[in-house]
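Please work through the following exercises with the sequence and the model side by side, trying each task before reading its solution.

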Amino acid sequence: MIEWVHPGLIFVVAALILPLFNTALQKIGLLLVPIAAILSVAVMTTGTYGEFNFANVFLVIGKVDKLTLVFAWVFTFMAFIGSLYSLHIKETSQHVAAYLYIGSALGVVFAGDWFTLLVSWELMAFASAYLVFASRAEAATKAGFRYLLVHVTGGVMLFGGIVLHGLETGSFIFGPLTTESGQWGGLAFTLVLVSFLLNAAVPPLNAWLTDAYPEATVTGAVFLSAFTTKTAVYVLIRTFPGTEILVGLGVAMALYGVIYAVLENDCRRLLGYHIVSQVGYMVAGVGIGTEIALNGSSSHAFSHIIYKGLLFMGAGAVIQMTGRRKLTELGGLYRTMPWTVFLYMIGAFAISAFPFFSGFVSKSMVIAAAAGDGRAATVLLLTVASSGTFLHTGLKLPYYMFFGKDCGLRPSDPPLNMLLAMGIAAILCIGIGVFPNLLYALLPYQVDFVPYTAAHITGSLSILMFTAVGFVLLLKYLDPENTVSLDTDWFYRKGARLFMWFAENPVSWWEKIISNLSDTVILRLLARTARDSLNIDIKGVDAIVNGVAHAALRLGATARRLQTGIVTHYAAAMIFGLFVCITFYSLIWLE
Amino acid sequence: MMNFPSLSLLIFLPAFGVIPLLFLKNASVIRWMALLFTFADFLLAIAVLMRFDATSASMQFVEHVDWVPSLGISYAVGVDGISILFTFLTALLGWICILASWNSIVVKIKEFMICILVMQSLMIGVFCALDLFLFYVLWEAMLIPMYLIIGVWGGPRRVYAAVKFFLYTLAGSLLFLVGIIVLYQEGGQTFDILSLMAVDFSLSVQNWVFLLFLVAFAVKVPMFPVHTWLPDAHVEAPTAGSIILAGVLLKMGAYGFLRFSLPMLPDASHYFAPLMIGLSTVAIVYGGFLALAQSDLKKLIAYSSVSHMGFVTLGLFTFNENALSGAVLQMFNHGISTGALFLAIGLLYERTHTRQISDYGGLMKIVPLYTIYFGLFSFASMAVPGTNGFIGELLILSGAFGANVWVGVAAVIGAMLAAVYMLSLFKSVALGPIVTFEEGTIWDIGQREGVCLLALAVFIFWIGLYPKPFLGIMAPALGQLLGQLGQGG
């Protein structure tokens, strides 16, 4: 039996052969492939696999330890849920892109060396970009290009950092880059950190997420929400545990996402800002760096993938069935989409960290880690962000989407596969909440944390209830408005326009001069020389050849005229010739 | 095993094939019979190649029979690392020519096939000959079938082109004969090439003989300024004639340099090297410009042959290992790529009966598979990395820069010109808007044509990506040649 199968490879191979099958077989494949991957993760044991030398670099494609496994589990689960959710999509290219995306995300998770990580990282960017392009709207194409631009920039920075790191240390094995005191490290450190922060959507590098995710396809956004940012969290846990700046960034992120969510009208953009907010918890956990903090980040990533996927699935279902995405245009859908509402609310409770839901047992671990590390401000601010999370995702979004002012539409529940996918995710959310030890067993470090203490439950519930009260009282002020929020992408969007002006005016002017030169001078010179060469050939060389031939013909014609046919001429010629020979013989030869 | 006259069989098999053809009347049977013999010859060539010892520099499969002992003439044949490659090339192009002429030759099919078969025998014989007299007889004899192929089955100005080709080459060859006789006198009354290589001739004898040989080989290569027969011959010849002409006959001139001028006359070679390099450089650049000025497809490729063979002679006379291997490899490559280009153009002509570039456009949309092959061969001709031309030109250029920087610069200019005219040719013909044709539509390549094109395309990639076997076969012989050259200068 093969010792170890790379689950990412299962997805990549499936992506490549999927187009060869007909629709029915494809659907079966879409369900079987994630199951096969889940099984491969289930039988996996820790260790290092897939080591080989390639062009003087030592590659490790399968480094398996507990941290790897926890992410591998959740990724493969999400792959199954997402595949089930997108089962009805007929365009094979979307499935292929999704599988390449998942496969490369798993490639990053299992990477034991920097180059494998880089290759998988880049593949993730392109495969996920396709999921944005696939909605085929003009806004989607533009957003997809911005997404691709940002990620390729990040990829190039990562490449630079890897090469510098390799030159400095002589090794490309994937490992922590932290310095001893958790302070700033050199250029390689910075480049890699910035690149990871970009993928984790840490402000000010977050705008790509909230720009692209609302434009992606309904099913594509589910995949997008799960993988890119959490892969970034994984690599942050691996390479920068304990880096002090991450705490500040994480907390700022958590609040930033929540504040922007207040202003949001597009339901999926609001959820996107919440991704930013939740990832803030994870980043802060990485920054704190203690075992419980890293446990917290991992477990929060696990839960977040599931419940965020569920929320995106719910919002996506609404968009699919109504064709609308703005909260100002929605409302009153509970009448005809009861299942969607129900399952969405489970996700909303999970993200809000209600007891007996997954968020409760994972988010609190990060906050407890902060408390354990003596960071009062962090605890306070993260708790505020928690409250904000419930306000927006748990109250505002469902109220304006499903309840509230009736928009007049009566859509039915989405197709069965989508409901089933949401259902599985919901069961997981509740399951993790009720049986947290199942999750805790997967975590990298020993877990001493007990989520269900009386203090914790009462504390959480009180915050949530007061938030709800606040929502009710301030409902008027929370009405969504049809506005566009300016985020940090203003800089590069405007910057891009400036760059285009520069390219189209000064650079283009210079280019015209050079091209003119090329056309008027050089090309004409080339053509002239070619024509002249041809003239040399035809009128020069060939003329000589033909001239010789003509001369030979004329010589022959002239010689022919000597044959007059008159015998006396021949006799005269013979006598003359005899005379010349005798003279020659007597005068010269006899000497 | 060595006693079995493999080479003689290889040489005479196509000629034997003429005999059954004489009695046949059905055109289809004639074609198949000719194909059978040339393909059998090709398989035999593969067998000889397989049994060839690539580590030894001496002649292999040698056969020696006294012919006219009083004059020191014998029937001696043998192959070394260089000639085995060209023997293989000739055998390969033989059956491809037959297949290419399947539908395009419609009158006097029997006579045409007989001409091709006789040409095959003579050409392989030339590459295998180890006796100067035998070499000369075969060299001269080749003119007749070629003259007939161009003069009978060619285009509108075929008679002019055939006579021009014949007289040009004959004039050169007559001077070659004088040179041979001088060598015979000075070399101890023998025509045997191997023993003549060992003789140390005086410098004045070497110089004169070199000049005499130069005329003959320069006409064949063709070098500037005796190249003007080539465009006319190529344009007027039928497809098979062009393939053989470009694929094999041109190589014989350079082979003559390799087999006679360099090893037998090393001092003269060193003495005249600047002249040769100068003429080669002129050929490279001048040929490139000429090709650029053409509006006829075949003429363009013909002039590009002048340019490419300029590279070959440049490589031959820079006398270093890289350049020599590059030159020999480039001879093989040129046979493949230019043969393939002429094949492709011939296929096109078969359909539309026009060779004017302006009559074509947008072929990519009409005949994509054909265009892919045409593009591949154009790229090979341009020496794009990954194709065979790149390896040859790279080696030659490295030698050229080693000899003299300006020569290298001129060679690079020539390579750039190649890119200019080949790419603009491809652009006019294959890309852009579709130009409608009067004589019906063009159809894409079929099985028969595909086989020919594929056989050539295989070599383009093989040599381009893994040239080691080819470079390995010629290495010992070239090493010995360099040794002989080193004794001089």
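**Exercise 1.** How many salt bridges does the rule find across the interface of chain A and chain B?

*Solution.* The model is a predicted one, in which local features need pLDDT of at least 70 and side-chain atom pairs count only at pLDDT 80 or more, whereas totals for chains, interfaces and linings use all residues. Residues are numbered from 1 along each chain as its sequence is written, chains are lettered from A in the order in which they are written, and side-chain values use heavy atoms, with hydrogens and water left out.

Taking a salt bridge as a side-chain nitrogen of Lys or Arg within 4 Å of a carboxyl oxygen of Asp or Glu, the rule finds 1 across this interface. Lys164(B) and Asp542(A) form a salt bridge through their side chains, with 2.8 Å from N to O.

**Exercise 2.** Describe the extent of the contact between the two chains.

*Solution.* Start with contact, meaning heavy atoms within 4.5 Å: 12 residues of chain A touch 16 residues of chain B. Next comes buried area, the accessible area (1.4 Å probe) that two parts lose on being put together, summed over both; between chain A and chain B this is about 1,100 Å², with 66% given by carbon and sulfur atoms. On the side of chain A, Leu526(A), Leu534(A) and Asp537(A) lose the most area to chain B, together 38% of what that side buries.
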